[in-house]
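Visitor: I am new to this structure. Please show me how to read it, one feature at a time.

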Protein chains: 2
Amino acid sequence: MTKIACCQFAPHLGRVRSNVDESIDHFHKAVDEGARIVVFPELTSSGYAFSNSGEAQAASEQIDGYAVSSWKQAADERNAVIVAGFCETNEHERPYNSAAVLVPGQDPVIYRKAHLWDAERTIFTPGDGAPPVIDTEHGRIAVVICYDLEFPEWIRIPALGGAELICAPVNWPRVPRPTNERPGEVVRTQAQASMNRVAIAACDRAGAERGIDWTSASVIVDANGWPIDMANLDQNLNQIVIADIDLSESRSKKLSCFSDVLADRRTDLYFAPADYLTQAALRKDNQQIQR
Amino acid sequence: MTKIACCQFAPHLGRVRSNVDESIDHFHKAVDEGARIVVFPELTSSGYAFSNSGEAQAASEQIDGYAVSSWKQAADERNAVIVAGFCETNEHERPYNSAAVLVPGQDPVIYRKAHLWDAERTIFTPGDGAPPVIDTEHGRIAVVICYDLEFPEWIRIPALGGAELICAPVNWPRVPRPTNERPGEVVRTQAQASMNRVAIAACDRAGAERGIDWTSASVIVDANGWPIDMANLDQNLNQIVIADIDLSESRSKKLSCFSDVLADRRTDLYFAPADYLTQAALRKDNQQIQR
């Protein structure tokens, strides 16, 4: 069993030092509760709701900046893994929406969000690298960021790479949902976990920011797709979501005697041109891709 | 709005004529309630729990057999679409686990299950064709069967082909789940619907068969991923699950001003060899595929 925590809190737009310092306060609390892997929200260091790319650039840092250096020091001191989002400087270009993985005693590993949500494409540069899969003493962990989680093609990549836990810093904007329904993002996180038999820890943020209310639905899901701990959805507040997860469960992809979520893929069929696709549909799709 | 129904019932193993006749009784009830598209379970004509391929062969029929002919006649008479599973004869080979789509006035369209669950691989021949997408007066409908629904690669294909509703005959074996959790199959159906913005009608079966208890969790999910009607999970009984669905919702893939579930895919990245995959992981994956 590995104790995993998501520290849901409310970073303030542009206040890098105080946001990072606050995240480290939460980290110490989570480690005091026994957590060995601690996940923070998307853009923990900078906040999210930038009006333009220049604002984001001003709150961005290099990998040797205050955010990643402070997290590395804290991770080393407490011998616990940190996964946290930060706004990463990109010389002469829009910054990246990145996440740093700090494994004690190892160099920081950086992932850059590949699927940019909505107006983020006017703020950030999309990443072009696959989600890294990193060996730790607890198991192999991977990282994706928010909207990345909505693309099953993207989650298959670390699953095939042997990830046992996918850490996902997220900022889920609150949208209407039917009474008694979980947020759709949580449902899709459960599905991605079970379709790949990999645990997922998604750390959402609390509060509101320039008119955006956050869902505050941090959740830790096991390899069977069941939420083991989830934030109290009635309280859009700072919360530590924490769960003991048996990451070795992710090593078996078996669903039954013969069935296996990865081996049963019909890769012989997925990439062949599908003859029933009308030319019109193909054209439309190509236009979408090129946009 | 289109009224869609799932007729959850309990076919008896091997009794093709009486199973088909009973399905048509349920069809008339659903049409009397206003349904224009009616989905039945996987292997409606034959039952599921065959001990071996010979037993399945004995309950199999060609496309011009009693099952598909009777459904075609009923669909034409009532001017409503039928989607139903049947055991399809495959000369000199194991039969197919197929589904027929009967659109009034059109020839039957057949789909053969591509992802065989567990011991099905000892009973059936897997299909090699993509899910068909069929124009109807209500919109474009596609069909997949049970375990197919667990593979996001497979659901993308009809979504890209313009499907507005995916009809899924299923037989979901009951497995343990935490208290107050929906069956995982329902969660994944919700996720597949919302990740593709396509409605899904999954018709499960009732009863038990040779020691297999069925989940009896028929569900109709809209393009946002919300269940509009779902079987009463406390009653493993015959039920007609019925919902009005606006299939035109599936035509827009937009989630926000800029975001679009299909256009936002990073197809430039999905199929490239992922350099972080260790050779060991790649070898393991290839072995799994070749198995």
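**A guided reading**

Guide: Start with A:Ala59, which lies in the loop between α2 (53-58) and α3 (66-78) of chain A. Helices (H or I, at least four residues) and strands (E, at least two) are DSSP runs, numbered from the N terminus. This is a predicted model: local features need pLDDT of at least 70, side-chain atom pairs count only at pLDDT 80 or more, and totals for chains, interfaces and linings use all residues. Residues are numbered from 1 along each chain as its sequence is written, chains are lettered from A and ligands numbered from 1 in the order in which they are written, and side-chain values use heavy atoms, with hydrogens and water left out.

Visitor: Is A:Ala59 buried or exposed?

Guide: Buried means under 20% relative accessible area, exposed over 50%, and partly exposed in between (1.4 Å probe, protein chains only). A:Ala59 has a relative accessible area of 4%, so this residue is buried.

Visitor: Which residues does A:Ala59 touch?

Guide: Contact means heavy atoms within 4.5 Å. Leaving out residues up to four places away in sequence, A:Ala59 touches A:Gly14, A:Val16, A:Ser46, A:Phe50 and A:Cys87. Take A:Ser46: it is 13 residues from A:Ala59 along the chain, yet their C-alpha atoms are separated by 5.7 Å.

Visitor: Now the two chains. How many residues of chain A are in contact with chain B?

Guide: 67 residues of chain A are in contact with 67 residues of chain B. Buried area is the accessible area (1.4 Å probe) that two parts lose on being put together, summed over both. Here the chains bury about 5,600 Å² between them, 58% of it on carbon and sulfur atoms.

Visitor: How many salt bridges cross the interface?

Guide: A salt bridge is a side-chain nitrogen of Lys or Arg within 4 Å of a carboxyl oxygen of Asp or Glu. The rule finds 8 across the interface of chain A and chain B. One pairs B:Glu181 with A:Arg182, with the closest N and O atoms 2.7 Å apart.

Visitor: Which helices of chain A supply that side?

Guide: α4 (152-160), α5 (184-196), α6 (267-270) and α7 (279-290) of chain A each supply at least two residues of the side that touches chain B. The largest share, 8 residues, comes from α5(A).

Visitor: How are the two chains related?

Guide: Copies are superposed by least squares on the C-alpha atoms of residues with pLDDT of at least 70 in both. A rotation of 180°, with 0.0 Å of shift along its axis, superposes chain A on chain B (RMSD 0.0 Å). That is the relation of a two-fold axis. Of the interface residues of chain A, 100% are also interface residues in chain B, so the copies meet through the same surface.

Visitor: What should I look at in α4(B)?

Guide: Look at burial. In α4(B), 8 of the 9 residues are buried, so this helix is largely enclosed by the rest of the structure. Among them are B:Trp154, B:Glu153 and B:Arg156. B:Gly162 follows α4(B), and its phi is positive, near 90°.

Visitor: Which phi values are positive in residues other than glycine?

Guide: B:Cys146 is one of them, with phi near 40°. This residue lies in the loop between β7 (139-143) and α4 (152-160) of chain B, and at 8% relative accessibility it counts as buried. B:Arg197 is another, with phi near 45°. B:Arg197 sits in the loop between α5 (184-196) and β9 (199-203) of chain B. At 9% relative accessibility, B:Arg197 is buried too.
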